[in-house]
Amino acid sequence: MRKALIVGKEAVAVEAEAEASLLSLLREPLLRKSVVRGCANGECGACRVMVNGAIFAACKVALRDVPDGATILTREDVDHEPDVTAVVRAFEAERPTRCRLCVGGLAVTAHHLTRPEALPSPPMAEAIDDALTHATCMCTGRGSLRRALHTALVRKP
Ligand code: FES
Ligand code: FES
């Protein structure tokens, strides 16, 4: 099947089997290498992307289920945002030598938490816990992602 998509700001047309995963298509042919295959089961968050403003595990989304004309954002599209940069820096300050396969999903999670329509409710600390329900760092565990998000995003009064 063929679908028109907007990836970042670029209009693209994708042709693939209806069952092809969004993860595989984003990596090849769309070359979004921040979208990483970890568990391939919707649990680790390494393949997180935004589709039409909502967060998804790309490994669990088939091309047939992506709306025609959908806008997709990956780490490459949100990396420049100050809050995203701060979260990634906080993670890397704690874990400088690890594989970094979780960082693309972490960046997308940070973008999702700080998009204007997400604020001010629920409180950020609670939103972080919710956002990490199906996300972890495969090297160091969920706690390191949580600490990075808290360090950068939970503002003290
Ligand atoms: S690879 Fe998709 S959630 Fe783990
Ligand atoms: S640093 Fe390896 S998965 Fe997070």
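Predicted model: local features only at pLDDT ≥ 70, side-chain atom pairs only at ≥ 80, totals over all residues.
1. Leu-31 is exposed, because 10 other C-beta atoms lie within 10 Å of its own, and 12 or fewer count as exposed. Leu-31 is placed in the loop between H1 and E3. Its phi is near 60°, a positive value in a residue other than glycine.

2. Ala-40 sits in the loop between H1 and E3. Ala-40 too is not a glycine, and has a positive phi of about 60°. Ala-40 is partly exposed, with 15 other C-beta atoms within 10 Å. That count falls between the limits, 12 or fewer for exposed and 20 or more for buried.

3. The loop between helix H1 (22–27) and E3 also holds Pro-29. The peptide bond that joins Glu-28 and Pro-29 is cis, with omega about 25°.

4. The sheet is open and has five strands, in the order E2-E1-E5-E3-E4, with mixed pairing. Strand E2 (10–15) and E4 are the edge strands, each of them pairing on one side only. From one strand to the next, the twist averages 40°.

5. Val-49 has Phe-56 in E4 as its bridge partner. Helix H4 packs on the sheet here, touching E3 and E4, and its direction makes about 40° with that of E3.

6. Helix H4 covers residues 103–114, which is 12 residues. From its first C-alpha to its last, H4 reaches 16 Å, close to the 16 Å expected at 1.5 Å a residue.

7. How many of the residues of H4 are buried? The number is 11 of 12, and the helix is mostly covered. The buried residues include Val-103, Leu-106, Val-108 and Leu-113, and also Gly-104, Gly-105, Thr-109, His-111 and Thr-114.

8. Which elements do the buried residues of H4 pack against? Two are strands, E3 (48–51) and E4 (54–57). The others are helices: H2 (75–78), H3 (82–94), H5 (124–131) and H6 (142–153).

9. The domain assignment divides the chain into domain 1 (2–74) and domain 2 (78–153). The centres of the two domains, taken over C-alpha atoms, are separated by 20 Å. In the contact between them, 17 residues of domain 1 meet 12 residues of domain 2.

10. On the side of domain 1 that touches domain 2, E3 and E4 are the elements that give two or more residues. E3 gives the most, with three residues. By class, this side of domain 1 has 10 nonpolar, five polar and two charged residues.

Key. Residues numbered from 1 in each chain as written. Chains lettered and ligands numbered in written order. Helix = DSSP H or I, 4+ residues; strand = E, 2+ residues; numbered from the N terminus. Expected span 1.5 Å × (residues − 1). Contact = placed C-beta atoms within 7 Å. Domains from an automatic or database assignment. Nonpolar A, V, L, I, M, F, W, Y, C, P; charged D, E, K, R; others polar. Pairing = 2+ DSSP bridges. Axes fitted to C-alpha atoms, helices over the stretch in contact; angles between N-to-C directions.
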